[in-house]
Amino acid sequence: MDLVDSTQQLLETAMRGSWQRQTALTSNIANADTPGYKRQEVNFESELQSAMSGGEPLDQVQFATEVQPEEAGPNGTSVSVDEESAKLAENGLDYQALAQVLSARNSIVSAAIGVTP
Amino acid sequence: MGLFEAIGIAGSGLTAERVRMDVTAENLANADTTKAAGGLPYQRQEVELKQAGEEGFSSALSGAIKQAESGPPAGGVEVTGVVSDATPDQQVYDPGSPEADAQGYVKMPNISTVTEMTDLISESQSYQSDVTAMQTAKSMFTATLGVLK
């Protein structure tokens with residue numbers, strides 16, 4: 001087994017995707033009052049899944065930020081600030097969970113090779 | 001993908017909302033100003049917003065050139081200008097006023113205090129949402145730094 005195994009790579013790639021989603025959600029919130037703005041979404045889970053089943057190297061997976069072709073609401077944008085805020089909170093917690101798992105795995109490896117973290 | 005991009009985008013939202021709040025405050029303060037520029041009643045001002053760094057070659061190029069300069073990052077929001085609302089002035093019947101015309105009407109600004117107050121509420125809520133987005137980005141940075149421990 002390599003020191004950096006596939007789970008470690010998967011965690012890192014998921015963190016990258018989550019980070020990209022965070023940027024997209026922040027854009028949506030910042031443009032909540034910009035007329036004509038269309039909300040963006042990063043659906044990294046499905047892309048990650050297809051990359052895994054296709055056997056692609058995970059560190060080269062690029063996620064797409066997709067502009068959603070939704071109808072604009074009465075304020076001229078397709079953004080609902082409440083929805084975006086909820087997604088933002090969820091994504092932030094997801095990211096922290098991933099970071100903690102990564103951290104725990106690192107400390108296991110450290111213990112195994114005799115480095116006190 | 002910059003590490004601090006999300007904070008910059010939320011920051012551009014804060015700037016835009018603050019400009020909108022400033023303009024709303026100006027409108028409220030001048031709700032009864034009958035003599036503004038040119039001796040005409042004050043005209044309601046409105047902020048124009050635009051998504052920063054919209055797709056397209058020329059904007060991508062100028063974005064790349066201007067990257068070092070200050071300005072909202074791509075995906076953020078920018079204020080393109082403050083424009084006058086073209087709604088006609090209100091006519092108020094007040095024959096006692098020194099401003100009244102021959103028929104006793106006074107031209108008042110095209111401002112509805114109710115509209116301005118509701119705008120102000122929505123602006124302050126958008127501002128708070130931007131602050132929340134910035135705080136989430138901050139806690140995500142902290143989690144990243146925690147991996148190094």
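**View 1. Helix α3 (residues 81-112) of chain A and α3(B) have axes that come within 8 Å and cross at roughly 5°.** Axes are lines fitted to C-alpha atoms, for helices over the stretch in contact, and angles run from 0 to 180 degrees between N-to-C directions. α3(A) is therefore roughly parallel to α3(B) (angles under 35 degrees count as such). By class, this contact of α3(A) with α3(B) has nine nonpolar, 11 polar and no charged residues. Here Ala, Val, Leu, Ile, Met, Phe, Trp, Tyr, Cys and Pro count as nonpolar, Asp, Glu, Lys and Arg as charged, and the others, Gly among them, as polar. Helices (H or I, at least four residues) and strands (E, at least two) are DSSP runs, numbered from the N terminus.

The model is predicted: local features need pLDDT of at least 70, side-chain atom pairs count only at pLDDT 80 or more, and totals for chains, interfaces and linings use all residues. Residues are numbered from 1 along each chain as its sequence is written, chains are lettered from A and ligands numbered from 1 in the order in which they are written, and side-chain values use heavy atoms, with hydrogens and water left out.

**View 2. In the interface, 31 residues of chain B are in contact (heavy atoms within 4.5 Å) with 27 residues of chain A.** The two chains bury about 2200 Å² between them, 65% of it on carbon and sulfur atoms; buried area is the accessible area (1.4 Å probe) that two parts lose on being put together, summed over both.

**View 3. A:Asp33 and B:Arg20 form a salt bridge, with the closest N and O atoms 2.9 Å apart.** A salt bridge is a side-chain nitrogen of Lys or Arg within 4 Å of a carboxyl oxygen of Asp or Glu. The rule finds one salt bridge across the interface of chain B and chain A. On the side of chain B that touches chain A, α1 (5-29), β1 (45-51) and α3 (113-147) each supply at least two residues. α3(B) gives the most, with 14 residues.

**View 4. Within chain A, A:Glu45 forms a salt bridge with A:Arg21, the closest N and O atoms lying 2.6 Å apart.** A:Glu45 belongs to helix α2 (residues 44-53) and A:Arg21 to helix α1 (residues 6-30), so the pair ties together parts that are 24 residues apart in sequence.

**View 5. A:Ala72 is in the loop between β2 (65-67) and α3 of chain A.** Leaving aside residues up to four places away in sequence, A:Ala72 touches A:Thr77 and A:Ser78.

Technical notes:
Parallel < 35°, antiparallel > 145°, perpendicular 65-115°, else oblique.
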